[in-house]
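Work through the exercises below with the model open. Each task is followed by its solution.

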Amino acid sequence: MPAKLPEWKDIPPVEGMPAGTAWNLWGEGDVLGALNMLTPENTVSAAKEIKSGRRVQLDLPMDVPKWPSFGRQQFAHQITFKPWSTQDIVHYNTQCSSQWDGFRHIAHPPTLKFYQGMEMGPYKEGKEPTRNGIHYWVEAGGIAGRGILLDWARWWVHAHPGQPLPNPCQSYGIPASELAETAKYQGTEIKQGDILIVRSGFLLWYNEAKDEDRKFFVAENEFKFIGVAPGQETKEWIWNNHFAAVAGDAVGFETCPVARDHNSLHQWLIPLAGIPIGELFNTEELAKVCEKEGRWSFFFTSAPINVPGGVASTPNAIAIF
């Protein structure tokens, strides 16, 4: 890893690719991207966040949402009975609930290239490569470092007294400037290698909604959701803060429907910048504990599932205070 990471304007260019492509920064054949910042030294430093020992699991139940977005398969659970024992059989789309989007999830549309230039395919039967698979994150020791929650929903209530939170089931974009204001309001210092988690209030709505509203707004409402605003300002804010990964509590980390042009965060974060995206992280209990602790930083650990060539994974994530 470079001794010092460059600002956006100084990211070494990649021929034929747009500004902000970080392939040359991490080196040819790299499979970790921004996760390279999670060095042993970084882990030791992040462990200093453990003071009270409180733990918060950040995965939603795997059947939440009950009706996933984007036509994804519903979670299915079966218990089988044998003499003196029972066994589980589960079927699920790795993106039906809390998830990490890996580097095989999104290609850069104009070039149809995944991270580090991997071609889209199609692949011959039995010959699908494991390159860019999420198992490389496992082999690197998982994801462990300093996590920060930017509780934008809490900041909004402070900044707009008497006003309701924006409708989380509409295409509302949270500006990077307001995320910076949230960090300032909380007194949260952002450090290189942090795992960013944004609370938009989506799960606050979901937990209180009726089933018929959950089904319609999550699975059928033209996939309109609150999220971080796309665009150049957000890209530069994320990059210049040097986050190792970014995540949120909504269906998409960025505003949905996802932008289909150069403004898209997905089409930059995953294939070009090599920054993992987390979605539907369970931030409600986390927000409560942060407020009790009086701090919004913690030790963060996540163990993705070990599927060679995997596209995405449940986070299996824990925040430790």
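**Exercise 1.** State the volume of the second largest pocket and describe its lining.

Solution. Step 1: the second largest pocket holds about 190 Å³ of space. The model is predicted: local features need pLDDT of at least 70 and side-chain atom pairs pLDDT 80 or more, while totals for chains, interfaces and linings use all residues. Residues are numbered from 1 along each chain as its sequence is written, and side-chain values use heavy atoms, without hydrogens and water.

A pocket is an open set of points on a 1 Å grid over the protein atoms alone, where a 1.4 Å probe fits, with protein on both sides within 12 Å along at least five of seven lines; lining residues have an atom within 4 Å of a point.

Step 1: 14 residues line this pocket, and Pro18, His108, Lys235, His262 and Leu272 are the closest to its centre.

Step 2: helix 8 and helix 9 are the elements that give two or more residues to the lining. Helix 9 gives the largest share, three residues. Helices are DSSP runs (H or I, at least four residues) numbered from the N terminus.

**Exercise 2.** Describe how helix 8 and helix 9 pack.

Solution. Step 1: the axes of helix 8 (residues 232–240) and helix 9 (residues 266–273) come within 10 Å and cross at roughly 40 degrees.

Step 1: Lys235, Ile238 and Trp239 of helix 8 meet Trp268, Leu269 and Ala273 of helix 9, with contact meaning heavy atoms within 4.5 Å.

Technical notes: Axes fitted to C-alpha atoms, helices over the stretch in contact; angles between N-to-C directions. Points joined across faces, edges and corners; volume = space filled by probe spheres on them.
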